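Please look over the sequence and the model shown here before reading the report on selected local features.

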Amino acid sequence: MTPRRAALLVPALAAALLAAPPSQAQPAADVEVTVNARAGLEAVGDAAIGVNHAIWDSQLGTPEVADLLRGAGIQAMRYPGGSYSDIYHWRDHTAPGGYVAPGTDFDTFMAGVRRAGGQAMVTANYGTGTPEEAAAWVRYANVEKGYGVKYWEIGNELYGNGHYGAEWEADEHPDKSPAGYANLVKEYALAMKVVDPGIQVGAVLTTPGEWPDGITAAGDAGPWNEVVLAVAGPHIDFVILHWYPAGGSGAATLARADHAPVMVRMAREQIARHAGKDLGIAFTELNTTYGRNTQPGALFAADAYASLLANGVFNVDWWNVHNGMGNVTTVAGHTDYDDFGLLSSGNCSADGTVCQPALNTPFAPYHALAMTSRLAEPGDQFVAAASSDPMVKVHATRKADGGLAVMLVNRDPENAKTVALDYAGYSPAASAEVLSHGNGDTAITTTTGASASVAVEPYSITTLLLRPTAEVTGPAAPARPTATATDRTATLTWPAAAPGVKYEIHRQSGAHTEQWGETTGTSFTVHNLTPSTRYMVNLIARDGAGKVSWASPPVEFTTATPATSTCAVRLTDVTNWGNGYVGNVDITNTGTRPVDSWTLAFDWPTGWQRVDSGWNATWTQTGATVRVANADGNRVIAPGETVTAGFVASYHGPNVPPRVFTLNGTHCTTR
């Protein structure tokens with residue numbers, strides 16, 4: 001085990017330092033962290049932190065494994081395991097073409113789930129099954145056995161059935177298109193809900209920014225997500241995403257966790273646009289491609305789980321409980337077995353020269369999930385938090401019992417950091433329970449320290465569990481508001497939380513909030529907003545005694561494109577291949593005078609998008625800003641005329657379209 005530095009100052013030493021002369025005072029913090037309890041994010045449900053079980057795993061459902069999962073706070077377990085779902089027949093417990101381990105049938109799985117205190121996420125066989133087979137499984141599980149399985153997926157990664165060229169998923173249906181899948185999903189959902197109307201049914205989507213997202217195959221009306229949501233959206237309750245971000249180093253792997261909020265936002269926008277209703281989002285498979293058993297995998301797991309849950313994902317499942325040894329390497333000073341499992345399979349390399357630890361020994365990501373389960377327990381609410389150092393990620397929750405939890409993920413493999421914490425909307429007691437897991441640690445360490453400052457080791461996860469200085473009760477938290485927006489105004493509405501309260505309207509900006517106003521009513525209109533801009537707002541209720549509620553869940557809205565302008569722009573994705581595309585920008589003069597010489601400017605919303613080349617104009621990119629200057633042949637745009645410039649762009653994350661285009665400094669209408 002790597003030697004541990006002192007995690008924090010004990011109270012007596014802290015007092016001595018405060019009383020010491022300036023020359024002996026505590027050194028300035030390396031990192032400033034702000035936690036704002038007024039800036040409410042999403043609440044944690046009862047299926048948030050999950051794992052995958054597979055029927056080829058002989059340890060599935062054993063008491064030892066169930067107890068380990070309970071100890072890590074695992075809330076959900078997925079069955080029967082990835083692509084095996086599309087060859088598995090539950091009634092006779094067979095998977096033609098695959099290996100089924102003894103003692104892994106559905107009842108054994110459910111016994112393990114119950115012992116672990118969790119719930120099941122079951123994947124019905126789409127690839128070689130039928131709606132009738134799935135409905136019979138629901139009947140057996142919930143009517144005959146009384147298991148109460150709530151969440152049911154329809155198939156696994158069906159976009160891998162060969163329709164886009166790559167084929168790893170079994171699919172015996174003649175129509176392998178997204179429309180073919182979506183139409184059968186309707187039949188599955190109908191048949192299954194006739195048996196138990198209380199279940200929730202999920203359909204497979206492609207993850208924004210991950211292949212084959214954005215690709216339209218020959219004969220399709222659009223990309224997979226657009227078609228599946230339009231056809232099956234009215235009949236399902238949630239969508240299914242999988243995420244295995246590529247990363248050839250620790251830094252690259254950990255940076256991928258930053259994609260999580262953008263991925264969720266894009267998925268939610270696609271759902272709203274094509275399904276026309278709100279649907280839950282579940283990441284039922286998650287892992288990484290580097291440091292799977294060592295600290296990079298653990299840091300990624302903690303950061304990704306917290307980011308996804310804070311942005312409203314109701315379930316995240318690590319792949320897998322057990323998986324087996326791959327290519328053995330040394331990562332961050334420790335042996336990495338390239339094993340997708342949370343727990344060791346106890347096997348050896350083919351030549352017997354390298355063996356894993358004893359069966360069921362936890363790997364580093366297991367401890368990351370255990371740490372995350374202390375941060376995000378059912379009933380907690382994430383709140384906004386920010387760090388001055390991008391190497392130190394921070395996540396925070398307001399606990400259902402009135403406490404506060406703060407998780408710090410130090411992504412720096414070399415340097416310890418001294419972190420100073422500032423709290424808005426919450427007064428913590430001076431001391432805190434501090435949980436930590438460092439590089440190479442085989443357990444989580446618990447100590448007591450200060451709530452205002454903590455030292456975090458290189459490559460570590462640290463969680464502070466805080467109590468308030470005094471127990472404070474206030475009115476009930478308001479419900480999530482709804483918003484309707486124009487280009488410069490937005491009207492927020494909400495149901496009354498309690499009589500006699502005043503509602504404060506807060507706009508979030510990172511970990512800071514700006515109070516837009518207050519009212520005793522149940523609606524509020526804000527003016528002078530910026531067109532084409534995304535806003536996040538939540539409410540706080542204040543009673544006559546001055547006591548305040550928790551923050552409501554947030555509402556996000558984007559103001560409309562300018563209602564009037566002298567220019568209009570349309571950006572189109574002409575041909576997409578999964579990590580790049582050919583696009584066009586159409587620029588229309590909607591004014592009354594000719595435009596003589598022009599430059600169009602826009603910013604990519606992320607740091608992983610760029611223009612590689614272009615034509616019919618001079619294309620340049622500096623940072624995230626793209627400038628498109630006229631060519632000689634299209635220098636003048638007459639009133640009502642449109643000019644088109646083409647480009648090739650690349651991306652290695654969610655491909656978020658730009659929102660704001662300016663022509664010679666004028667904000668254009670976006671079409």
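Which residue of S33 is the bridge partner of phenylalanine 602? The bridge partner of phenylalanine 602 in S33 is valine 626. This is a predicted model, in which local features need pLDDT of at least 70, side-chain atom pairs count only at pLDDT 80 or more, and totals for chains, interfaces and linings use all residues. Residues are numbered from 1 along each chain as its sequence is written, and side-chain values use heavy atoms, with hydrogens and water left out.

Strand S30 (residues 599-603) pairs with strand S33 (residues 625-630) in the antiparallel sense over 5 bridges, where strands (E, at least two residues) and helices (H or I, at least four) are DSSP runs numbered from the N terminus, and two strands pair if DSSP finds at least two bridges between them. An open sheet is formed by 5 strands in the order S32-S33-S30-S36-S37, with antiparallel pairing; its edge strands, S32 (617-622) and S37 (666-667), each pair on one side only.

At 11% relative accessibility glutamate 157 counts as buried, whereas serine 597, at 34%, counts as partly exposed (buried means under 20% relative accessible area, exposed over 50%, and partly exposed in between, with a 1.4 Å probe and protein chains only).

The peptide bond from tyrosine 79 to proline 80 is cis, with omega near 10°, and proline 80 is placed in the loop between strand S3 (76-79) and helix H3 (106-116).
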